[in-house]
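User: I am new to this structure. Please take a close look at how its side chains pack together.

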Amino acid sequence: MAKESSHAGHAAGVHRVVVIVDENSNPFELGCATEVFGLRRPEIGRDLYDFRLCSPEPHTLMRDGFFTLTGVADLEAADAADTLIVPNRPDIEVPRRPAVLDAVRRAHARGTRLVGFCSGAFTLAEAGVLDGRRATTHWQWADSFRNRFPSVQLEAGVLFVDDGDILTAAGSAAALDLGLHVVRRDHGAEVANSVSRRLVFAAHRDGGQRQFVERPMPDLPDESLAPVLAWAQERLDSPLTVSRLAVRAAVSPATLHRRFQAQLGTTPLAWLTAERLALACRLIERGESRFEVVARRSGLGSAASLRTLMRRETGITPSAYKQRFGPEAN
């Protein structure tokens, strides 16, 4: 891999994402970061990020010695990051390299956004940047994390935690959830959904976090829910109820609840609300400024209901969302 950005040159003004790769790093999370932040986006018509890898050593042995990573930039590249993804690895009791921890501290001091996937929370905590902050890590290591870093507010029951300038994901696959959330924060629902479609990351995963990433319809192992989901998505402005969905699926409401929990990890009502809110976000991004119209067309009822749900789920108001992601913001 070339030492420079994965794109041909660093475009002025493009957000630079840098991943630090250290000895015994997990290749899966590295692949997630590359897929979300490192690929060109011809379907969008512009590059979303300038992406590069760096390492404290010219040859980095990846997890369990499966392969050796070479040809990436040295650790100084971390000093140019707008977002820095820190190393994660399974040997959580082994101290991180001082040079890596120093790079993390420097990045935090200058206001760089920090991201930790899975055990990457240990790297952030060891660097001292998580003291008094919220974070998550893999459930398997939650007790160890609490014992070592009691000053960190660990939230072990969520897919990821967004604490503003520091974001952490709970496990390997949750790196994709968090990556899409970052894209959603930076570029809005339309772009995040485009990225998720290209990833074919189809599962709706309810982690209890404020997540306003639009997800494509799941490719379910049991296809019995797929038709009713597609049917409902075409009628979000209608007075849909759990009972009506159950009738459409030809099952009882109790069976429908069980299938939603098993296949989507959420309830029918929560799924409906999330889909309607995602539609409302798309309408605002496409230029609809009348919030009563947005609420009606997305099935959320009134502008007051739209404001309540959007603030609860995304942390911002419809007006703030319009300023950030509406057509005039581009």
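Analyst: What follows starts with paired rings and then moves to the core and a helix.

This is a predicted model, in which local features need pLDDT of at least 70 and side-chain atom pairs count only at pLDDT 80 or more, while totals for chains, interfaces and linings use all residues. Residues are numbered from 1 along each chain as its sequence is written, and side-chain values use heavy atoms, leaving out hydrogens and water.

Start with the rings. The structure holds 7 aromatic pairs. Rings of Phe, Tyr and Trp (its six-membered ring) pair if their centres lie within 6.5 Å; planes under 30 degrees apart count as stacked, over 60 as edge-to-face and the rest as tilted. The ring centres of Phe122 and Trp141 are 6.5 Å apart and the planes stand at 85°, so this pair is edge-to-face. Phe122 belongs to helix 3 (residues 120-126), and Trp141 to the loop between strand 8 (134-135) and helix 4 (142-148), so the pair ties together parts 19 residues apart in sequence. Helices (H or I, at least four residues) and strands (E, at least two) are DSSP runs, numbered from the N terminus.

Phe122 also pairs with Phe145. Their centres are 5.1 Å apart and their planes at 90°, so this pair is edge-to-face. Phe145 lies in helix 4 and Phe122 in helix 3, so parts 23 residues apart in sequence are tied together. Both Phe122 and Phe145 are buried. Buried means under 20% relative accessible area, exposed over 50%, partly exposed in between (1.4 Å probe, protein chains only). Ring pairs link Phe122, Trp141, Phe145 and Phe149 into a cluster.

Now the core. A nonpolar core is a set of buried Ala, Val, Leu, Ile, Met, Phe, Trp, Tyr and Cys residues joined through side-chain atoms within 4.5 Å. The largest one has 35 residues; among those touching the most other members are Leu245, Leu256 and Trp271. Helix 10 gives the most to this core, with 8 residues. Leu245 touches Val228, Trp231, Ala232, Leu256, Pro268 and Leu272, not counting residues up to four places away in sequence. Contact here means heavy atoms within 4.5 Å.

Last, helix 5. Of its 14 residues, 13 are buried, so helix 5 is mostly covered. Gly188 follows helix 5, and its phi is positive, near 95°. The charged end of Arg184 sits over the ring of Phe325, 5.3 Å from its centre. A charge sits over a ring if NZ of Lys or CZ of Arg is within 6 Å of the ring centre and within 35 degrees of the ring normal.
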